[in-house]
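Here is a short tour of one protein chain. Keep the model open beside the text and find each residue as it comes up.

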Amino acid sequence: MRSRIGNPDTDTDIALKERLAADGSRHFVMVAGAGSGKTTSLIKALAHIENSQGTDLRCKGQKIACITFTEVAVNEIRGDVGDDSLYHVSTIHSFLWDVIKPFQNDLREWIRARLNRKIEENQEKIGNPRTQQRTKERAREENERYNRQLTSIDGVRNFRYGTGSDYENGVLGHADIIRIGPTFLNDHALIRRIVSRRYPIVFVDESQDTDPDFVAALRAVADEAENRFCVGFFGDPVQKIYMQGAGSIPIENGWKKLEKPENFRCSQSVLRVINRIRAEDDGLQQTRGRFGSRDGAGAPVEGTARVLIMPDDERRPERLQRARHWLAEQDHDATWLADEDEEALRLLVLVHRVAADRLGFPNLYSALNDRSTESLRSGVVDGTAWVLKPILQFLLPLLIADREDKPFELMRLLRKHCLKLQDEALERSNTAQVLKALREEILELHDMLAEGAETGIGDALSFVRDKQLLAFDEGYLDLLDQYLAADQVAEAAPENAALRFMQCRAHELWGYRRYIEKLSPFATQQGIKGAEFEKVLVVVDDKERQLPGFSYGKYLGVTPLSDTDHENIEAGKDSVIGRTRRLFYVCCSRALTDLAVAIFTDDTERMQRAIISRGFFEPDCVTLLQ
């Protein structure tokens, strides 16, 4: 285990240990602000349970489940607890699959019911005289495929978990698992008992972004198992920046709320800013701040927190570069101009066409962002758009593993995703011939994605499908069929955004990967939660954003609220103000030492007055940069 296990306990860590040792209900919700060491508290709690209850749990064959949001977080926690079999550390999807996979007949019936519902929905479209003929034809084609799947699933021996759905070949995708798991937990007392007995302690990390149905299902397990089961949620509602997610976890009877106010990350200047932002939300005031060494002793780091306000015109890229030069001159620090050192500087943008142009994916960006759907516009900024998942989770990692001569990683990806390497397929095949064909197919994919190649993204993915390298879900199969049938897209419109993406050159995917995986100074504001950098430059540009649900102009009071905004606020619903406040808090709290906010606006003087009146930044730190 890492040394942070031995870090001094905070008051909240002590309170959590007492809670875990209590008689009666032990359920809890820990609210831990940015930079508080939330994961450290979770790791220390796991170590405490091992020391105090580990022997008893092992004797009973029980485990502690630790469920988190991403594979990156899973690996981070495993890096602390090691390979100890006492811990089951996984994503939500993997945890749910581990629970439900023994119930193969129930899975089959769930799929059957889902397909029948889809057939009924399509039949209603077909029978509706108002439905367009093209939509009716697509519905008929879909029903043909659904009926084939209904026939095929009876012959599937075992369903397995993969990236995308392929019911005919027994593959359940991510979306299936998050639907089935909570449903089975809520509907089957046996499954609830299995969970509570196999995992008497369940910790959920990043609870604010966790699927609300899964949160409700764990509460159902807790209610039924009573004191034999303990569930703990670790999170921060003020860092909920995705549209989905449970957000704040209500404190029910017998539950305990633990607040962790410390911030060990941010300089004093940055800490003052994020506390002022947070005061408008839950009011938790974070304390301490980052310490450094001065004259051989620990001392708080003061740092800087500034706002630069610039005209919003066609010279945005030039003005942004000028802002970086201004900061470098003011601080006598060339780090503000760094383009390679990802730990030193981050430019946090909602979406940034200049970055897309500079990194070589302008058409890809335009297809998913301009005149697109809400889900694709928001998904392109953090890599979660459904059309990107097979690419970011399989296609590019596969080619990178091959390019970097990592045969074990290459085979791991193929064994997990390639239909030809599944056990049932290998029983009917010559393994040597299959591997030889795979070698040739991977080389062909390299050519398709090479710089300057004319291959479309849809061509590359159709090749992946046809060669059975990856199982695509129903929606993706429909998209590929549309792509192959379309000669061109006449006009940009939300309904054909995914199709326009398919028609982009496949080599643009490499530039997008560089952007989304933080291999350039640019990063998206929604893609950096959990990260930290010495210097952070937050770019506020509502005209460039085109991201629904967020508006810095409305949040800062220079853009009028809509009637819907007023209705949501009056009804106590999540609103554009709350979402943007949380996003702003997340962005500002990434800075270890220096924070700058670059704002593009039509009325610079009005924006300056608005920023000063909000009181987030000191007045003399708000500068007009013409």
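Start with arginine 58, which sits in helix H2. Helices here are DSSP runs of H or I with at least four residues, strands are runs of E with at least two, and both are numbered from the N terminus. Arginine 58 is partly exposed, at 40% relative accessibility. The cut-offs are simple: buried means under 20% relative accessible area, exposed means over 50%, and partly exposed lies in between, with a 1.4 Å probe and protein chains only. Not counting residues up to four places away in sequence, arginine 58 touches Glu50, Asp84 and Leu86. A contact, or touch, means heavy atoms within 4.5 Å. The C-alpha atom of arginine 58 is separated by 27 Å from that of proline 182, which is 124 residues away along the chain.

A word on the model. It is predicted: local features need pLDDT of at least 70, side-chain atom pairs count only at pLDDT 80 or more, and totals for chains, interfaces and linings use all residues. Residues are numbered from 1 along each chain as its sequence is written, and side-chain values use heavy atoms, with hydrogens and water left out.

**The whole chain**

The protein chain holds 27 helices and 18 strands. Its radius of gyration is 26 Å, close to the 25 Å from the globule rule for 626 residues, so the chain is as compact as a globular protein of that length. That radius is taken over C-alpha atoms, and the rule is 2.2 Å times the number of residues to the power 0.38. Along its principal axes, the C-alpha trace spans about 70 × 65 × 55 Å.

How much of the chain is buried? Buried residues make up 55% of the 626 residues. The chain exposes about 27,600 Å², and carbon and sulfur atoms supply 46% of that area. Accessible areas come from the Shrake-Rupley method with a 1.4 Å probe; for residues, only the protein chains shown count as cover. Take the contacts between residues at least 6 apart in sequence: 73% of them join residues at least 24 apart.

**The cores**

A nonpolar core is a set of buried Ala, Val, Leu, Ile, Met, Phe, Trp, Tyr and Cys residues joined through side-chain atoms within 4.5 Å. The largest one has 76 residues, and Val387, Leu449, Ile457 and Phe501 have the most contacts inside it. Helix H15 (residues 389–403) gives this core its largest share, nine residues. A second, separate core has 45 residues, including Leu107, Tyr146, Leu185 and Phe233.

Look at valine 387. Beyond residues up to four places away in sequence, valine 387 touches Leu368, Leu376, Tyr476, Leu479, Ala498 and Phe501.

**Buried residues**

Return to helix H2 (residues 38–59), which also holds isoleucine 49. Isoleucine 49 is buried, with a relative accessible area of 0%. Its contacts, not counting residues up to four places away in sequence, are Leu20, Gly54, Leu57, Ile64, Ile201 and Phe203. Isoleucine 49 and alanine 21 are 28 residues apart in sequence and 8.9 Å apart in space, C-alpha to C-alpha.

Leucine 172 is in strand S5 (residues 171–172). Leucine 172 is buried too, at 0% relative accessible area. Residues touching leucine 172 include Trp97, Leu107, Phe159 and Ile180.

Histidine 27 lies in the loop between helix H1 (11–20) and strand S1 (28–32). Is histidine 27 buried or exposed? At 6% relative accessibility, histidine 27 counts as buried. Among its contacts are Arg19, Glu226 and Trp255.

Most residues other than glycine have a negative phi.

**One more loop**

Histidine 332 is in the loop between helix H11 (316–331) and strand S14 (345–349). Histidine 332 is exposed, at 76% relative accessibility. Histidine 332 and phenylalanine 214 are 118 residues apart in sequence and 50 Å apart in space, C-alpha to C-alpha.
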